[in-house]
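Subject: Structure handover and what was found in it

Dear colleague,

I am passing on the structure that we talked about, together with some notes on what was found in it. Please keep it open while you read, so that you can look up each place as it comes along.

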Amino acid sequence: AQDGSVAWEMLQAAAYDLIVLDWKLPRVGGLTLFNRIRRHPQLSMTPILVISGFLQKNDFRLLAEFPVTRLLEKPFTANKLQLEYQNLLNEQYWYYENDNDIQFILQTEDDPKAILSKLQGMFKDAPNAVPLALLAAKKLVAGGYEKLAVGLYKQILTLDSECVWAMNELGKLYHRAGKPEQAMDVLRQATRLSPQNLARLCLMGEVELGQKNPESAKQMFDEVLEIDPEDKVAESGKVVAESLGDVIQQFGKDRMTHSFGSILNTIGIAMIKGGKYQKGIEQYKSALPFLRVKEDTAKLAFNLGLGYLRWGKPQQALPWFEKLATDSNKIGSKSKEYVQKIVDRTGIQPTSVNADEVLEMEDLQHAQGQAAAPSQHEVAKPLEKMVAPSILGDNHESTAPPVAPEDDIEAQAELVGDAM
């Protein structure tokens, strides 16, 4: 590819056995492209051979965070290129082979002690236990054994105190477990060692958002956008940080006592009910990558569809309701009703609707490393119940109907709050 922008398009359109990455690419540079590749679920284990005549210390640290990644310094011979390529393939094969062995243990054992015992047997036989333990910990997380994974990552850090991979994953687990202070401690430690990992900076921004620290979150997202101005997660994070900052400035941080997901949903509800449809839709879409609880995500996605309806845009609303209609719960049932109403009253057929917007949101969620967290049975509260009624401004009340009642699918429909 003649530049990094074209290379990124090619990488998303087809599968490659090896990526040879020149660090000094025009337009989208090597640092930016490398971060995009390693955040992409389908490319995270594709071998990368970085070619450069000169790298900064931070560049070296970033490359060292990831498996199947090697540096080939200029000038080099064809034989050296072939050797490094073969080394990458051997490393990739090693990961796949051990991945299968660990998966077999998880499939044949359900007792955590037995799983840990067998894994420890594998570690003892390995010439270098750290890479194998890192792989095992990641598989444990995928299998639902997060406590075992936390213990394993801690053990890895006793063997290698500068293992940034372990710090990254431990920070994610602390965040998912509702331990933001511990998450930030380990993520800051990783960032001091390797400051250019954009996924980690976005995660730190997410943790700050959850702690209702919008200015600190915005700073993290700004750092990401300095390296990659097109980073969608960071762009979304800035929108959420600015909205959250406005609400905190108006009502005070000490009054925002409900869950992060509830607050984000409520901000969008206030905007839509106040007739600020475009801003409300942007708020909902920007918030989706940062929600970790399945119910929170479903409620916000439902409200996004309903926001489009109130804005008089049923074609944009339909794919959101369609996605939720397969769920066997109250939101799924209501979504089915809206799908049918849209089809009956507008003639729009689900198969004719472009669902790219929904797919783009799902890609952002994957980019942020989301996994469905256990239900916390939290519901979004109306803004009036989050703050003292006496300090509510008139701007939270709708002054005019969004669309004429005869054109609206359900003019009086309520956004998902306490009722759900």
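Of the 420 residues in the protein chain, 49% are buried, where buried means under 20% relative accessible area, exposed means over 50%, and partly exposed lies in between (1.4 Å probe, protein chains only). Please bear in mind that this is a predicted model, in which local features need pLDDT of at least 70 and side-chain atom pairs count only at pLDDT 80 or more, while totals for chains, interfaces and linings use all residues. Residues are numbered from 1 along each chain as its sequence is written, and side-chain values use heavy atoms, with hydrogens and water left out.

The overall picture

The protein chain holds 19 helices and 3 strands; helices (H or I, at least four residues) and strands (E, at least two) are DSSP runs, numbered from the N terminus. Its accessible surface comes to about 20500 Å², and carbon and sulfur atoms account for 50% of that area, as computed by the Shrake-Rupley method with a 1.4 Å probe, where for residues only the protein chains shown count as cover. If you take the contacts (heavy atoms within 4.5 Å) between residues at least 6 apart in sequence, 62% of them join residues at least 24 apart.

The sheet

The 3 strands form an open sheet in the order β1-β2-β3, with parallel pairing, and two strands are said to pair if DSSP finds at least two bridges between them. The edge strands, each pairing on one side only, are β1 (19–22) and β3. Neighbouring strands of this sheet are turned by 25 degrees against each other on average, direction ignored; here axes are lines fitted to C-alpha atoms, for helices over the stretch in contact, and angles run from 0 to 180 degrees between N-to-C directions. Between β1 and strand β2 (residues 48–52) there are 4 bridges in the parallel sense, and D22 stands opposite I51 in β2. Helix α4 packs on the sheet, where it touches β2 and β3, and its direction makes about 170 degrees with that of β3.

Salt bridges

How many salt bridges does the count come to? There are 19 salt bridges, each being a side-chain nitrogen of Lys or Arg within 4 Å of a carboxyl oxygen of Asp or Glu. One of them joins the side chains of D231 and R39, at 2.4 Å from N to O. This pair links distant parts of the chain, since D231 lies in the loop between α11 (214–227) and α12 (232–251), whereas R39 lies in helix α2 (residues 30–39), 192 residues apart. Both D231 and R39 are buried.

E84 takes part in a salt bridge with R70, with the closest N and O atoms 3.5 Å apart. Here E84 belongs to helix α4 (residues 78–108) and R70 to strand β3 (residues 69–73), 14 residues apart. E84 also meets K80 in a salt bridge, at 3.2 Å from N to O; E84 and K80 are 4 residues apart in helix α4, which means that about one helical turn separates them. E84 is buried, with a relative accessible area of 9%, whereas R70 is partly exposed at 30% and K80 is partly exposed at 35%. Elsewhere, R36, D228 and E230 are linked in a network of salt bridges.

The nonpolar cores

A nonpolar core is a set of buried Ala, Val, Leu, Ile, Met, Phe, Trp, Tyr and Cys residues joined through side-chain atoms within 4.5 Å. The largest one has 99 residues, and those with the most contacts inside it are L119, L140, Y153, L209 and F321. Helix α6 (residues 129–142) gives the largest share of this core, 9 residues. A second, separate core has 19 residues, among them A7, L21, F34 and I48.

Two residues to look up

I105 lies in helix α4 and is buried, with a relative accessible area of 8%. Not counting residues up to four places away in sequence, I105 touches I115, K118, L119 and M122. H175, in helix α8 (residues 164–176), counts as buried at 17% relative accessibility. With the neighbours up to four places away in sequence again not counted, H175 touches A183, L203, E206, V207 and R292.

With best wishes
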